Structure formats: structure tokens, C-alpha cells
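Subject: Structure handover

Hello,

I am passing this structure on to you.

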Amino acid sequence: MCGIIGYVGFRDSKEVLLNGLEKIQYRGYDSMGLLIVTKQGFKRVRSVGDIRQLRKKVADAGGNSGSWGLGHSRWATHGPPVEANAHPHKAEHIYIVHNGIIENAEELKAWLKGPFLSETDSEVVAHCILDSYKKNSSLKEAVFDTISKIKGEYAIAVMSEKDPNELIAFKKGPSLVIGLGEKEIFLSSDAQVFLPYTNRVIFLKDGEMAHIQNRETLYFYSDKKQKIDKPITLLDSYFTETEKKGYPYYMLKEIYEQPDCIANLIETHVNKKACKVEVGINNEKDFLDQIVQKGRCNIVACGSSYYAALYGKYAIEKGSRISIGVDMASEFRYRSPVLSSRTPLLLISQSGETADTLAVMRMAQELSLPVLSLCNVAHSSLDRGASAQLYMSAGMEKGVASTKAFTSTLFILFLLSIVLGRKKGSLSLSEEQKIIPSLLLFPDQMKEVLSREKECVAAAHLLRALKSFIYLGRDIYYPLALEGALKMKELTYIHAAAYPAGEMKHGPLALVDADTAIVGLAPKSHVSKKTFSNLEEARSRGGKMIVVGTRGDKESVSLSDCFLSIPSCNTYLSSILCVLPLQLIAYHTACSLGHNVDQPRNLAKSVTVE
């Protein structure tokens with residue numbers, strides 16, 4: 001979950017690297033560092049903290065101008081976030097930056113004997129390259145030799161004081177992208193770094209090496225050490241809108257962007273004239289027909305995307321009677337799943353770079369299973385590797401806690417449930433046409449919910465003094481209760497858990513007391529009466545009641561210490577509406593506690609290591 005950036009060109013590399021690190025600090029921000037090739041030689045600056053601390057230290061150091069350099073943002077895995085563990089790491093004249101895990105680091109340390117100045121697994125790579133360099137006197141050959149020795153998942157960039165006009169990068173697992181400008185070359189974990197300068201990029205595949213010898217000379221090599229040609233990809237403007245626009249945090253801005261995100265999905269996937277859903281899948285190859293024919297699909301994801309997948313299970317099974325298996329990617333890899341021949345897989349990852357999800361994709365490829373990716377970043381590793389692609393189309397999301405990408409995922413899964421229902425014959429065209437007006441009205445209903453933000457501020461005032469939160473929901477509302485609890489944990493650092501409402505009497509009711517908040521999702525539906533009964537049980541034990549319910553529903557209001565209202569609509573859409581007040585109460589509770597909601601402690605936006 002670290003971020004890598006490199007630059008070779010005519011600009012001041014210090015500014016290019018610092019600006020790039022600011023854009024990718026969402027990948028990790030426990031510590032940061034720069035390596036600049038100046039006229040006086042290599043200069044390394046490292047600091048604990050985010051980009052502000054590094055900028056200050058670079059300014060204090062002075063004399064950091066140069067046209068070559070490397071940068072790194074770290075999310076601690078091996079060793080705490082202290083300066084000694086920050087990248088770039090050094091072994092004599094070798095410098096490296098690394099994203100990933102070196103699984104045989106301890107074996108290599110025992111063999112190389114050091115001296116090792118950090119607690120990281122990364123530093124061993126620099127020593128391994130140094131050892132090979134002493135035998136080969138060639139940085140490229142030393143890197144090839146090191147690749148044969150290290151095990152794990154990694155993206156690594158290397159420079160040497162003895163070869164100041166060379167920069168080498170290689171990968172196995174985490175993303176690594178080359179950007180091609182006019183007489184300048186960029187390197188990064190994330191292509192958004194390049195877009196102020198160029199949209200021409202080259203994606204490294206696993207086992208490949210990029211060898212930069214000057215700002216216009218770049219060679220690529222396969223894992224067989226053979227020179228290869230690489231295609232250039234032109235990126236679109238996905239990353240151009242990244243300003244806060246007056247909002248105190250990116251997260252709040254992104255919460256308010258959700259109606260527009262859904263409106264864009266409607267324009268893309270709903271044929272208004274035919275009153276019909278037409279989900280546009282790239283390279284479809286009859287993927288949805290295969291799901292119908294098999295009568296089954298497995299959805300695999302992590303974090304918020306996993307909760308969205310659970311929502312998809314409820315919606316698709318209800319709408320099409322197709323069996324949907326849902327797994328966490330980190331568990332799916334190891335539980336020896338029983339996969340019948342050609343069983344379709346839907347893999348969800350907002351970044352398209354989630355390590356566990358990518359591992360599942362590689363497993364599926366080995367079994368020749370059809371894979372549909374659903375992600376928010378075109379040309380990401382998942383997007384490139386899948387046999388068919390579908391997009392959240394939420395635009396750049398900078399807040400670590402997902403908001404608009406999550407609701408976009410829910411909406412797309414609901415659209416898929418409609419299409420699959422029609423293909424299966426369990427949803428008639430007339431029934432589908434009755435749903436379409438609800439879809440078209442939905443963005444305005446989202447805006448209506450957001451206009452009642454003051455209700456969420458009042459709820460946050462009550463919640464900030466409590467010690468634990470329990471989120472409850474039944475049926476389609478249960479996955480959204482899980483997401484609400486996750487948002488509260490991520491942002492406030494207060495314990496929050498979610499349960500199916502009917503499970504409270506099977507143990508969790510013992511947790512309820514006057515310091516407990518019960519957040520119930522109970523819009524009018526076929527399960528709302530049962531949910532009210534469960535909420536009443538919790539209230540009678542002294543819990544403070546926050547209820548998200550249908551506007552004007554007297555029973556919801558009477559149960560509530562704070563009532564968060566949503567308009568009446570289709571059940572599967574009302575559950576998405578419930579997400580908005582859950583996002584806002586987590587946001588405002590965290591703000592009232594003085595937390596940085598865009599960068600919660602210990603978390604990174606993109607989980608690129610296992």
C-alpha cells in the first residue's frame with residue numbers, strides 16, 4: 001500500500017516528486033522520502049508523517065535541485081513508521097523504493113549479513129542488488145540477478161550513485177506505470193501522477209523491467225532478459241477533477257457528488273426511449289448469458305466492495321433466481337473453493353489494484369474461468385486482466401473511506417439484477433418498465449436526502465459521547481448496516497459492529513447499555529415490522545436509537561432519539577438511500593472528534609499488499 005514515483009527529464013524533479021507524492025499519499029502516508037540526483041551528488045531526505053512534513057524537511061535541507069529522482073510514500077507493514085524505516089533505502093551506492101512484501105527477506109538477510117539499518121523487508125533488496133553489482137558491475141544485470149532471488153509481491157525502482165544516469169524499475173504484483181512526456185519520463189504506482197504532464201502511458205506486466213538511461217532513452221525487457229516492445233496507452237481525463245471546491249474535506253465533496261454519479265450511470269446504462277436497462281459491458285463475450293446458463297455466479301471483493309457484493313446477492317437472487325456466491329477475496333484464495341467448469345466470476349475493486357482480488361483473478365485465469373471486473377479505474381490491473389469490464393464511473397475518489405464509488409457499485413449491481421432477471425425470464429418487460437421511472441427519479445431523491453444533512457449533524461452530536469455502535473438491518477438492508485458500521489469505525493476509531501436485526505437475541509443484545517448507540521435501517525418494506533420489533537428490544541435495554549426510515553413514518557419516529565428520513569421508493573433503491581445518512585453521521589461524528597476524515601489513521605485507500 002505504498003506509493004512509488006520516479007522522474008527523469010528537464011524539470012526540477014523535487015517539485016515533480018513532491019506534487020506526485022501529494023497525489024498518491026492516499027496509498028500510504030506513515031512516512032515519506034525523496035532521492036534527488038543533484039550536481040553535488042545523490043541527496044536523500046526522509047520524514048515521518050504526510051507530505052507536509054516531507055515538504056518542510058526538504059525546504060530546510062535546501063540544495064535539492066536536479067532532473068532525476070525517486071519518491072516514496074510508506075504505509076508501514078514491516079517495522080513502525082520511523083525515519084529509519086522510510087524509503088528510499090540505501091546499501092552503499094544502491095538506492096531502492098519498494099511497494100509490496102518480500103516473503104524471503106529473513107533468509108536473504110541471514111545470507112547477506114547487512115549491515116541493515118531498518119526493520120523493513122524492503123532494505124534487503126538494496127543489499128541484494130549491491131551484492132550482485134559487485135560481481136557484475138552492471139546495474140541492469142544486478143537487478144536481473146536479484147529478481148531471481150527475491151520472492152513475494154513487489155514493485156521496485158532502483159538507482160545507483162555509480163550509474164547516475166540510469167533508473168531501473170520492475171514488478172511482480174503491484175502496479176507500476178511509465179509515463180512518456182516530451183523529453184521526460186515518469187514512473188509511478190498510479191497514473192494520476194502523470195496527467196498534468198502527459199496522458200501517454202505504458203503498463204508494466206509482471207516479470208518485466210523498464211530501463212531508463214536518459215530522458216529520451218527507455219528500454220523494456222521480459223523476464224527472459226529479452227528486449228521487448230510495449231504498447232502506449234492514451235488515458236482519458238478520469239483524474240482531472242481533484243480539487244475540494246470549498247468543501248473542508250474531499251470526503252464531504254464526494255458524498256455530495258453521488259447524485260451526479262448515479263445520473264451519469266443512468267445515462268450510460270438506461271435506454272429511456274425503450275424504457276429498458278441496457279448495461280454496457282466491454283468485451284462482454286456473452287458474460288451475462290453465461291451467468292444465466294450456469295444459473296450461478298461468484299462475486300469476490302474486499303472491504304466496502306464486499307458489502308456491495310452482499311447487496312448484489314440479495315438483489316440478483318431476488319430479481320433473477322440465479323444463485324450468487326459472495327466471498328471475501330482474502331478468504332476465497334485459501335478456502336479451496338469448489339468451482340465448476342466455466343463458472344463466471346465477478347470481481348469488484350474500486351482501485352482495480354487490490355492485492356487479494358488480483359490474486360483471485362490470476363486463480364480464475366489459470367482455471368480458464370470468465371471474469372467480469374467492476375472497478376472505478378480504467379486500465380487498472382484488474383481492468384486489464386479481466387475478460388470483460390464494467391465501470392463504477394464515479395470519477396476520482398480521494399477520501400480513504402469510500403462514498404461515491406460504493407453507491408455507484410450498488411446501483412450498477414441493481415441494474416445487473418434487472419438485466420439478469422429479464423434474461424432469465426423472471427422479470428417481464430412490463431415489470432421492468434415500471435421500475436424505470438424510479439431509476440430516473442433516484443438522483444433527485446439522493447439530493448433530497450443530502451439536503452437534510454442537519455438531521456445527521458444532530459445525530460452525530462448524540463453519537464460522539466457514546467462508546468460503541470451497533471448497526472442493524474434485515475434482508476437487503478443488512479449489507480448496508482455493515483457498510484455503515486465500517487464507515488463509523490474507519491473515521492471515528494470507535495468500535496462499531498453490524499448484525500442482521502434478527503440475530504440480536506442470539507448474543508449481541510448483551511452488549512446494549514446506556515453507552516451504546518443502535519443505528520437501525522428500517523424504511524417501509526416487507527421486513528420493517530420485524531426490524532421495529534428488534535429495535536424496540538434494544539431500546540428497552542437503554543440503547544440510544546438512531547433510525548433511518550421512510551419520511552413521515554410515525555413508528556420510526558416514535559422509536560428514535562434521532563430520526564434520519566429518506567423518501568419512499570423501491571426497496572432496493574431505498575437501501576442505497578440509507579447509505580447517505582450513514583456516511584454523513586460517520587463524517588460529522590469524526591469531525592466533532594477532531595479527526596482527519598480524508599486520511600484515517602492506519603488506513604490506505606488502495607490495499608496493494610496482502
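The notes below cover the sheet, the helices, a hairpin and the salt bridges.

This is a predicted model, in which local features need pLDDT of at least 70, side-chain atom pairs count only at pLDDT 80 or more, and totals for chains, interfaces and linings use all residues. Residues are numbered from 1 along each chain as its sequence is written, and side-chain values use heavy atoms, with hydrogens and water left out.

The sheet

Helices (H or I, at least four residues) and strands (E, at least two) are DSSP runs, numbered from the N terminus. Two strands are taken to pair if DSSP finds at least two bridges between them. On that basis there is an open sheet of five strands, in the order S19-S18-S20-S21-S22, with parallel pairing. Strand S19 (323-328) and strand S22 (388-391) are the edge strands, each pairing on one side only. From one strand to the next, the twist averages 20 degrees.

Within this sheet, strand S18 (residues 296-301) and strand S20 (residues 345-349) run parallel and are joined by three bridges. Asn 298 has Leu 345 in S20 as its bridge partner.

Helix H8 (residues 287-294) packs on the sheet and touches S18, S20 and strand S21 (371-375); contact means heavy atoms within 4.5 Å. The direction of H8 makes about 120 degrees with that of S18. Axes here are lines fitted to C-alpha atoms, for helices over the stretch in contact, and angles run from 0 to 180 degrees between N-to-C directions. Helix H13 (residues 404-424) lies across S20, S21 and S22, and runs at about 160 degrees to S20.

H13 and H14

H13 also meets helix H14 (residues 429-450): their axes come within 12 Å and cross at roughly 170 degrees. The two helices are therefore roughly antiparallel to each other (angles under 35 degrees count as roughly parallel, over 145 as roughly antiparallel, 65 to 115 as roughly perpendicular and the rest as oblique). H13 passes H14 in a left-handed crossing, a term used if the near helix is turned anticlockwise from the far one by less than a right angle, with clockwise being right-handed. On the H13 side, Phe 411, Phe 414, Leu 415, Ile 418 and Arg 422 meet Glu 432, Ile 435, Leu 439 and Phe 442 of H14.

Lys 424, in H13, is partly exposed, with a relative accessible area of 36%. For this term, buried means under 20% relative accessible area, exposed over 50%, and partly exposed in between (1.4 Å probe, protein chains only). Leaving aside neighbours within four places in sequence, Lys 424 is in contact with Val 292, Ser 320, Arg 321 and Ile 322. The C-alpha atoms of Lys 424 and Gly 319 are separated by 9.2 Å, although the two are 105 residues apart along the chain.

Gln 445, in H14, counts as buried at 7% relative accessibility. With neighbours within four places in sequence again left out, its contacts are Pro 567, Ser 568, Cys 569 and Leu 577.

A hairpin

Strand S2 (residues 31-38) and strand S3 (residues 41-48) pair in the antiparallel sense over eight bridges. The hairpin joins S2 to S3 through two residues, and Leu 34 stands opposite Val 45 in S3.

Salt bridges

A salt bridge is a side-chain nitrogen of Lys or Arg within 4 Å of a carboxyl oxygen of Asp or Glu. By this rule the count comes to 27.

- Glu 208 and Lys 230 form a salt bridge, with their closest N and O atoms 2.7 Å apart. Glu 208 is in the loop between strand S11 (200-203) and strand S12 (209-214), and Lys 230 is 22 residues away in the loop between strand S14 (227-228) and strand S15 (233-234). Glu 208 counts as buried at 11% relative accessibility, and Lys 230 counts as buried at 15%.
- Arg 333 and Asp 356 meet in a salt bridge (2.7 Å, N to O). Arg 333 lies in the loop between helix H10 (329-332) and S20, and Asp 356 in helix H11 (residues 355-366), so the pair ties together parts 23 residues apart in sequence. Arg 333 is partly exposed at 24% relative accessibility, whereas Asp 356 is buried at 10%.
- Lys 487 and Glu 490 form a salt bridge, the closest N and O atoms being 3.2 Å apart. They are three residues apart in helix H16 (residues 477-492), separated by about one helical turn, and both are buried.
- Lys 253, Glu 257 and Lys 404 are linked in a network of salt bridges.

Regards
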